[in-house]
Amino acid sequence: MDVLQSNILELITIIFYCILIFIPLLIGVVLALYADRKIWAAVQKRRGPNVVGPFGLFQVPADGLKFIFKEIILPDSADKTVFLIAPIITLALSIAAWAVIPVQAGVVLANINVGILYIFAISSLGVYGILMAGWASNSKYPFFGALRSAAQMVSYEVSIGFVIVTVLMCVGSLNLSEIVLAQKNIWFFIPLFPMFIVFFISALAETNRPPFDLPEAESELVAGYQTEYSGMPFVLFLFGEYINILLMCAMTTILFLGGWLPPIDIYPLNAIPGFVWFILKVTLVFYMFAMVKAFVPRYRYDQLMRLGWKVFLPLSLLAVVLTSSILFFFKLAPGMS
Amino acid sequence: MSISLLTFYLFSSILLLSSLMVISTKNPVHSVLFLILAFLNAAGIFVILHAEFLAMILIIVYVGAVAVLFLFVVMMLDFKTSLEKDNILQYMPIGLLIGLVFIAELVIVLINTRLDLSNIQILSNPLDNFSDQSNTEAIGSILYTNYVLYFQLSGVILLVAMVGSIVLTLRDREGVKRQIVSEQVDRKGKIELVNVKSGEGVDI
């Protein structure tokens, strides 16, 4: 017991920091849900949520309350344990990834050396929530949705991995803070512009966002893996999904848009604290996510697979070879000059 | 007892329990899920040993890719037929044999180190000066210099396995209509602009 007593203060600090990450994340998800619906509505010349609260801002909390008070329906032939564990896994994993995201110079919960690998590992685990939900529901539409989702996420992870490798070759470190600091002179989306596009589209596919939302394509699969879920477990899925989307926006910001760095390092711009720039950039990327959802019709499944394996995979492999050759022959690689 | 020892016991006990559950649950999907739990705890033990690169690679490769395909295949099975445990003792001799081989290997290692575990460091650490590098750098610098041939060879073996499995399963079926994008996009010679006179129409 004295182990726990001597470390109790440390434990409390860590829990406090976790809450410090979780609360803004929750607010961020509520705002993102609201913004998503508003932008979508604006593109379609509708007004979107505008009744509950000022400008409809309380619509999302009201929906959340409604879901919490609804009955949780367990299908009779479902595998009940796995059925209930699945949404918890989805939410827990999506929050866990935020532990290594640096929002400002030195402001990060866990500044680990393999930060980018950690995020990659956690996001590759995300598929289990969906697979377990689809299988445990014991119903054909959720099962099809889960199979589609698993194949889709595994396919696009490959090209995301190669894009990350090109960025890492320019940085020479797996630490997320050092990836940001390496962009002091130029943000990576300028020299690596094709990879920025590949990463953005793969991020859409990885988070099951439209136009790649085939796992829950309502015209074919009712609601995919979420079909049998109601009440609180459904909210956990919804929140997990949106936290993952925000995570992918943050990853795009850190890898390509210079993280917390201001656009130009001059007086009025660099006086603004870093986390403001970070939030601004994440918002910008999320705006692009929302616009894509409003603009682009859904892909067919074979088209999705062709894009992943026949277009993005060769392209990102070529980029790895090209980037390493250029860095090697012009002696630009970190630690070579 | 330090915190790291406590976490070690936590991880290893969950690891052992979940590997026991892998072979003892009746439902094969639950088996795979427990296998994943075992992988995750093994990764946790790697982290305690300061091998965080190996831990992350274990999760990315085994949990993120291999086990997903496992689960994929197992979920498709009609597992009601596999629930009949007619004679579980049928595989006992071969299991015992494999277990014996593992124990023999462990004993040989222990004899080689003369029961002083600090000697293992010398056997398993080919880098002279490892302490000033992170383990990602250390693995990279040893893998791409001293062992580059073996590294490339294992890559070629994997490639051969991949090509082999595709060759074995690829069949050209008759009458399958494929979408050829370049043909769809290429509209030369397939489209014609015609000035249509009002009230007359054209032949197509």
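**A helix pair in chain A, and what surrounds it**

A: Happy to! In chain A, helix H3 (residues 59-69) packs against helix H10 (residues 231-256) at an angle of about 140°, and the two axes are 6 Å apart. A word on the source: this is a predicted model, in which local features need pLDDT of at least 70 and side-chain atom pairs count only at pLDDT 80 or more, while totals for chains, interfaces and linings use all residues. Residues are numbered from 1 along each chain as its sequence is written, and chains are lettered from A and ligands numbered from 1 in the order in which they are written.

Two packed helices are described by the angle between their axes and the distance between the axes. Here, axes are lines fitted to C-alpha atoms, for helices over the stretch in contact, with angles running from 0 to 180 degrees between N-to-C directions. Helices (H or I, at least four residues) and strands (E, at least two) are DSSP runs, numbered from the N terminus.

At that angle, H3(A) and H10(A) are oblique to each other; under 35 degrees would be roughly parallel, over 145 roughly antiparallel and 65 to 115 roughly perpendicular, with the rest counted as oblique. The crossing of H3(A) with H10(A) is left-handed, a word used if the near helix is turned anticlockwise from the far one by less than a right angle (clockwise would be right-handed).

Which residues make the contact? On the H3(A) side they are A:Gly64, A:Phe67 and A:Ile68, and H10(A) brings A:Gly231, A:Met232, A:Phe234 and A:Val235. Two residues count as in contact if their C-beta atoms, placed from the backbone, lie within 7 Å. By class, this set holds five nonpolar and two polar residues, with no charged ones. The nonpolar class is Ala, Val, Leu, Ile, Met, Phe, Trp, Tyr, Cys and Pro, the charged class is Asp, Glu, Lys and Arg, and the others, Gly among them, are polar.

Now step back to the chain that holds this pair. Chain A has 13 helices and zero strands. Its 337 residues would give a radius of gyration near 20 Å as a compact globule, and the value of 21 Å for chain A agrees; this radius is taken over C-alpha atoms, and the globule rule is 2.2 Å times the number of residues to the power 0.38. Along the principal axes, the C-alpha atoms of chain A fill a box of roughly 65 × 55 × 50 Å. Of the contacts in chain A with a separation of 6 or more, 78% link residues 24 or more positions apart. Buried residues make up 43% of the chain, where buried means 20 or more other C-beta atoms within 10 Å of a residue's own, exposed means 12 or fewer, and partly exposed is in between, with C-beta atoms placed from the backbone.

The loops of chain A have some backbone details to look at. In the loop between H8 and H9 lies A:Asn208, which has a positive phi of about 55° although it is not a glycine. A:Asn208 is buried, with 23 other C-beta atoms within 10 Å. A:Pro211 is found in the loop between helix H8 (193-206) and helix H9 (218-221), and a cis peptide bond with omega of about 5° joins A:Pro210 and A:Pro211. The loop between H5 and H6 holds A:Asn138, a non-glycine residue with a positive phi of about 55°. With 15 C-beta neighbours inside 10 Å, A:Asn138 counts as partly exposed.

Chain A also touches chain B, with 18 residues of chain A in contact with 19 residues of chain B. On the chain A side, H5 (115-136) and H6 (140-171) each supply at least two residues. H5(A) gives the largest share, ten residues. That side of chain A has 15 nonpolar residues, three polar and no charged.

Chain B itself has eight helices and zero strands, and 12% of its 204 residues count as buried. One of its helix pairs is H2 (residues 28-48) with H3 (residues 52-76), at an angle of about 175° and with axes 9 Å apart. H2(B) and H3(B) are therefore roughly antiparallel to each other. Their contact divides into 22 nonpolar residues, no polar and one charged.
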